[in-house]
Amino acid sequence: MKRSDFVIVIGRQYGSGGRELGQMLARRLGIPYYDKALLSEAAGRLGFRADLFERADEKRPSFFSSLLSANYGSSTYFAPGAMHNATLYQMQSDVIRNLMDSPCVIVGRTADYIGRERKNVVSIFLHADNAYRVSRTHCLHPGLPDDSAAMEIMAKKDAERQTYYNYFTGRKWGDAANYHLSLCTSLFSTERAADLVCRYLDLMADEIGNENS
């Protein structure tokens, strides 16, 4: 087994650089990268408009209920209006499981929980200090009036991710016990963080190889 045989799943605080690190790892390893595209794929399977699922990306369960009760899209598998939180999550989970049949990088969407029984899945959680996250949030949202506005966005996004994760998994979002590796991205450049993850993948590959020998 080699480092490019793994499925890498990334949970992250808002502004900690999850997308940037995930894309860099995918390029280095020569494997696909997925984030919001998962929601679009799930939408296509169900006959819903992809843009609705992009807007519902890792939102609170109550947001899913209000969104889907509006009866958008067709009823490929379910009667109009019958869709609910658990059904949407299950369909999205099925998409993720299919993607996990091949090496890839997946950001968010409780992928660590969905792939928890697969030996080739390596789960990572990214966090960072507030100054780093504020700086990145300003880059993601040009025109914010001050750091307080950036902090408000960070708090809102993290609350949505936490609620979504805890609700569907019964776990605690960000708890180190739920992940193989927890990284503070404000201590490293993205390149160095990718180096560290790749080294960890090499060690994991060796361990799995020893178990199978």
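Trainee: How many helices and strands does the protein have?

Mentor: Happy to start there! This is a predicted model, where local features need pLDDT of at least 70, side-chain atom pairs count only at pLDDT 80 or more, and totals for chains, interfaces and linings use all residues. Residues are numbered from 1 along each chain as its sequence is written, and side-chain values use heavy atoms, with hydrogens and water left out. Helices (H or I, at least four residues) and strands (E, at least two) are DSSP runs numbered from the N terminus, and the protein has nine helices and five strands.

Trainee: At what angle do helix 1 and helix 9 pack?

Mentor: Look at residues 18–29 for helix 1 and residues 190–212 for helix 9; their axes are 10 Å apart. Axes are lines fitted to C-alpha atoms, for helices over the stretch in contact, and angles run from 0 to 180 degrees between N-to-C directions. Angles under 35 degrees count as roughly parallel, over 145 as roughly antiparallel, 65 to 115 as roughly perpendicular and the rest as oblique. Helix 1 and helix 9 are therefore oblique to each other, at an angle of about 55°.

Trainee: Which residues of the largest nonpolar core touch the most other members?

Mentor: A nonpolar core is a set of buried Ala, Val, Leu, Ile, Met, Phe, Trp, Tyr and Cys residues joined through side-chain atoms within 4.5 Å. Buried means under 20% relative accessible area, exposed over 50% and partly exposed in between, with a 1.4 Å probe and protein chains only. Of the 24 residues in this core, the ones you want are Ile8, Leu25 and Ile124.

Trainee: Which element gives the most to this core?

Mentor: Several elements each supply at least two residues, including strand 1 (7–12), helix 1 and strand 4 (121–127). The one that gives the most, with eight residues, is helix 9.

Trainee: Is Arg133 buried or exposed?

Mentor: You can find Arg133 in helix 7, which covers residues 130–140. Contact means heavy atoms within 4.5 Å, and leaving aside neighbours within four places in sequence, Arg133 is in contact with residues including Tyr14, Met154 and Asp158. With a relative accessible area of 4%, Arg133 is buried.

Trainee: What percentage of the residues in the protein do buried residues make up?

Mentor: The count here runs over the 213 residues in the protein. Of these, the buried residues make up 47%.
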